[in-house]
Amino acid sequence: MIYALMGLLGFGLADFFVVFLSRSAGYLKGILWNTIFMFLYLIGLLFVFKSQTNIFGIETTEFITSSVAGIISTVGGISFYKGTQVGNLSVLSPIASSYSAIIILFSVIFLSEVLRPVQVISIVLVVVGTILVSTNFKNIKNLKLAITDKVVPYGLLSLVCWGTSFIVIGDIT
């Protein structure tokens with residue numbers, strides 16, 4: 001439970017700071033600095049857990065799979081950072097953070113996993129909530145495209161990339 005709360009707090013605060021960084025320094029500089037800090041953080045963790053981790057004992061297929069997952073994830077990150085620069089985080093973040101829907105979809109299709117009814121209901125609620133967050137109800141009356149916020153495509157690209165990268169990385173874990 002404590003790890004879940006740490007993740008919730010960490011991701012929430014990170015999104016908040018990303019907006020300031022992207023809008024002041026630009027989205028490419030923002031993702032560069034984020035990557036540098038993440039790298040330094042991971043190096044620090046390697047020292048803490050050095051007896052449990054052998055980073056040099058990686059096989060070629062693991063290296064290639066990790067590289068592909070990293071590239072896909074980076075494309076999602078670039079899209080997210082660009083989205084923070086052009087639109088509202090309150091719309092972008094729920095969309096991009098729904099990447100677990102991609103993981104669930106692939107798990108059901110390719111891994112033949114079965115969902116319980118309560119899980120299906122929960123997934124539907126997440127999807128409906130995401131659609132409601134990104135809908136401009138003023139445009140529904142005029143029969144215009146309801147999903148008009150300019151960050152929606154950035155959020156959707158992040159959602160697909162991040163979900164796919166977790167599927168790819170799941171092959172080696």
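I began with the packing of helix α2 (residues 27-48) against helix α3 (residues 60-86), and found an angle of about 130° with the axes 9 Å apart; helices here are DSSP runs of H or I with at least four residues, numbered from the N terminus. Axes are lines fitted to C-alpha atoms over the stretch in contact, and angles run from 0 to 180 degrees between N-to-C directions. I noted α2 and α3 as oblique to each other, since angles under 35 degrees count as roughly parallel, over 145 as roughly antiparallel, 65 to 115 as roughly perpendicular and the rest as oblique.

The model is predicted, with local features needing pLDDT of at least 70 and side-chain atom pairs pLDDT 80 or more, while totals for chains, interfaces and linings use all residues. Residues are numbered from 1 along each chain as its sequence is written, and side-chain values use heavy atoms, without hydrogens and water.

Next I looked up which residues meet, taking contact as heavy atoms within 4.5 Å. On the α2 side I listed Tyr 27, Leu 28, Gly 30, Ile 31 and Asn 34, which meet Thr 74, Gly 77, Ile 78, Tyr 81, Lys 82 and Gln 85 in α3.

I then turned to Ser 165, which lies in helix α8 (residues 152-170). Ser 165 counts as buried because its relative accessibility is 5%, where buried means under 20% relative accessible area, exposed over 50% and partly exposed in between, with a 1.4 Å probe and protein chains only. Leaving out residues up to four places away in sequence, I found Ser 165 touching Ala 69, Ile 72 and Ser 73.

Last, I checked the whole chain, which has 8 helices and 0 strands, with 23% of its 173 residues buried.

Methods: Helices (H or I, at least four residues) and strands (E, at least two) are DSSP runs, numbered from the N terminus.
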